[in-house]
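The exercises below each set a task and then work through its solution. Consult the sequence and the structure while reading them.

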Amino acid sequence: MVSTFKVPIGPQHPALKEPSNFTFDVEGEYVVNVTPRVGYNHRGIEKACENRTYLQDIYLIERICGICSHAHTTTFCQAVEECGGIQAPPRGIYLRTLVAELNRIHSHLLWLGVAGHEVGWDTLLMYVWRDREVVMEILEMLTGNRVNYAINTIGGVRRDITPEQARKLTKALNILEDRTKHYRNLCLGEKTLLSRAIGVGVLKPNVARSLCAVGPTLRASGIKSDVRRDDPYAAYDVTPFEVITSDMCDVAGRVVVRVDETLQSVNICRWLLENLPSGDIRTKLTRRIPPNEVVSRIEAPRGELIHFVRSNGTDKPDRVKVRAPTLGNILAVCEMLKGGYIADIPIVLAAIDPCFSCTDRMLFVDSKNDKNWIWSNEDLKRYSTKFYAKESLPGRR
Amino acid sequence: MSEEKRAPTEQKKAPLPKIEPQEIESQKIENENSMVEEIKKFLGEDLIEAKVQRPRRIYLKVKPGAHRKTIQFMKDNWGLYHISTISGLDLGDNLEVVFHLNARNVAVNVRAEVPRNKPKIETITDLLPGSNLYEREVHDLFGIEFKGHPNLERLELPEDWPKGVYPLRKDWKAPE
C-alpha cells in the first residue's frame, strides 16, 4: 500500500503575489485530498469601511484587488447609488462599463501570460505581457492611472473621454483584437501548452454547480452563467455580447473561455464607443445616505462579485460585506486538484486565476521517517518540467 | 513509474463526454411578486417580512430555524443551486445572518436573527455544499455557530487570535 503524505503548500508565493495555504494529501504522484486555508491577506477592510465616509470607502475598496480594482468600485458605487436612490447619467454608466471591459481585457491577458509561465512556456508570458501594455496605456490615458484607476465615483465617473482619446482607443482595440486572435490560434495549436492543459484539473458541470463555482471557471465547465447577462447592471442590458462557454471542463477549456471573452470585450468596447450618449458624466449625491440595504452583483474578470451594503442615515455605512470571486472558487479548485499529479498543482491553481497563490515553497514531511525538506517554487517548476520530459504520459494527446 | 501505478491515470484521462452548454431552468426571469406570494403561502407564520426592493431583488426575513425550510423550498421549486455568500450583521441585542441566494436569476436574501448571547443557527452545508467556506467565515468574524457544519474551523483569522473575540461585531474596536 502506498502511504499518504501531507504536503503543505504556501502561504508565500513570489509569482502570484497573494498568499494562501493548501495542505495536500498525496499518494506517490497523486493528490488524494486538499485542505484549503485562506486569510493570510485578511486586512480588515470590511471593518475599516464602517469607520470611513462613503467617499473615502471608494478608494479603500479599490485597493482590495490590484487587478480587478475597477470591479470592486463599480459594485460599491452601484450599491451606494441604489441606497441613496439616485441613478448615474447614461454617459457615466457607459464610461464605467468601458473601463470595466478594458479592465477585463487586461486581466485576462495577464492571466494568459501567467498560465504560460506556470507550464514553463515563458515565451508566451513575454509576448502576451508586451501586448498587454497596449491596454494598460489606454487605461492610463483614460483614467490617469495604470492600476487603481479611481475613475468611479458615487453617481457616475470622474473623467470624460475626449474625441482624441476615442480615436487612440479605437486603434488600440484593433491591435488587441489582432494579437488576441493570434494567441488564440497559437495556444490551441501548440503542444507546449496543450499537453499540460488537456485533461488537467477536470471539473465536471454538476460538481461546478453544486460547489457554486463562478466566472470563467464555471463557464469552462459548460454552464452558461454570467451576471452581465443574468442580472444586467451598468450598460449591459443594452450591450450586445455573447456568453462564452466551453465543454472541455479542464485547464484548456479555461484558456479558451478567457481568450474568447477577451475578443468579446474588444467588441463590447467598440460598441460602447460608437453608441456613447452625450450629457453629464456624474450626478451629485448627498453625503448622508438614508437607511437602506442593497445587494450589488457584477461579473468581475474572475467571476461573480457581490457587495452587501447597509446604510444607517449617516455619512458612513453600517456594514459593507464583500465576497470576491476567488473565495467562491476555492472549493472548486480543491475538487480539480484531487486525482491529479503534484506536478499539475501550479497550473491548476493558476487556472482559476486566483487572487493569491501559494506554490512558493513546498515542505515535504515524511511522517513515517520523521524527515522533512523544502522545495522552492523554482524547484517545483524544474521538477514539473523534468517530470513531463521524462514520462510519455498515457492518455494525453 | 511502473505500469501498475499508472493505471489510475489512464482512467482519469479518459476522453470526456461531449457536454452541451447547459441552459439552467432558473434562467427564465419570473415575476418577483409571484415568487414572494409562493413563499408567503409556503412559510405562513414563519415569514416575518418579505419585500421586493427592485426587479431581481427579494428580501425575506424568517423566524430562526425556518431558513432551512425556505432554502429547501427554493431548491425544490425554483431550481436554486447557487449561494453567493453569507453575511453577518451586528444589530445590538441580536446578530443577524443573511443568506444571499440566487434562484431564477433573482437575488433572494434570506435573513434570520439569532440572540447575541446564544448565537447558534443550523447549517445549510447539506443543502448547498458551496456554503461551506462562507459559514466558516461568519463563524470566524461574528462568532455565530453553525450547528451541524462538518468542519467549523478557523478560516480567516490568524491562529494566535484570542478565542471569543469577534472583530466584525460592533463592540470590537481596532486598537489605535
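**Exercise 1.** State what distance separates the centres of domain 1 and domain 2 of chain A, and describe the side of domain 1 that touches domain 2.

Solution.
1. The centres of domain 1 of chain A and domain 2 of chain A, taken over C-alpha atoms, are 29 Å apart. The model is predicted: local features need pLDDT of at least 70, side-chain atom pairs count only at pLDDT 80 or more, and totals for chains, interfaces and linings use all residues. Residues are numbered from 1 along each chain as its sequence is written, while chains are lettered from A and ligands numbered from 1 in the order in which they are written.
2. Domain 1 of chain A consists of 4-40 + 333-390 and domain 2 of 45-323, with bounds from an automatic or database domain assignment.
3. To the contact, domain 1 of chain A gives 16 residues and domain 2 of chain A gives 18 residues. Two residues are in contact if their C-beta atoms, placed from the backbone, lie within 7 Å.
4. On the side of domain 1 of chain A that touches domain 2, at least two residues each come from helices H12 (325-337), H13 (345-351) and H14 (377-390) of chain A. Helices are DSSP runs (H or I, at least four residues), numbered from the N terminus.
5. H13(A) gives the most to this side of domain 1, with 5 residues.
6. By class, this side of domain 1 of chain A has 10 nonpolar, 2 polar and 4 charged residues. Ala, Val, Leu, Ile, Met, Phe, Trp, Tyr, Cys and Pro count as nonpolar, Asp, Glu, Lys and Arg as charged, and the others, Gly among them, as polar.

**Exercise 2.** Describe how H2(A) and H3(A) pack.

Solution.
1. Helix H2 (residues 54-62) and helix H3 (residues 69-84) of chain A have axes 8 Å apart, at an angle of about 155°. Axes are lines fitted to C-alpha atoms, for helices over the stretch in contact, and angles run from 0 to 180 degrees between N-to-C directions.
2. H2(A) is therefore roughly antiparallel to H3(A), a label for angles over 145 degrees.
3. Among the residues that meet are Tyr54(A) and Ile58(A) in H2(A), and Phe76(A) and Val80(A) in H3(A).
4. The contact of H2(A) with H3(A) has 6 nonpolar, 3 polar and 2 charged residues.

**Exercise 3.** Describe how H4(A) and H5(A) pack.

Solution.
1. Helix H4 (residues 90-118) and helix H5 (residues 122-143) of chain A cross at roughly 160°, and their axes come within 8 Å.
2. H4(A) is therefore roughly antiparallel to H5(A).
3. Their contact has 15 nonpolar, 5 polar and 3 charged residues.

Terms used
Angles under 35 degrees count as roughly parallel, over 145 as roughly antiparallel, 65 to 115 as roughly perpendicular and the rest as oblique.
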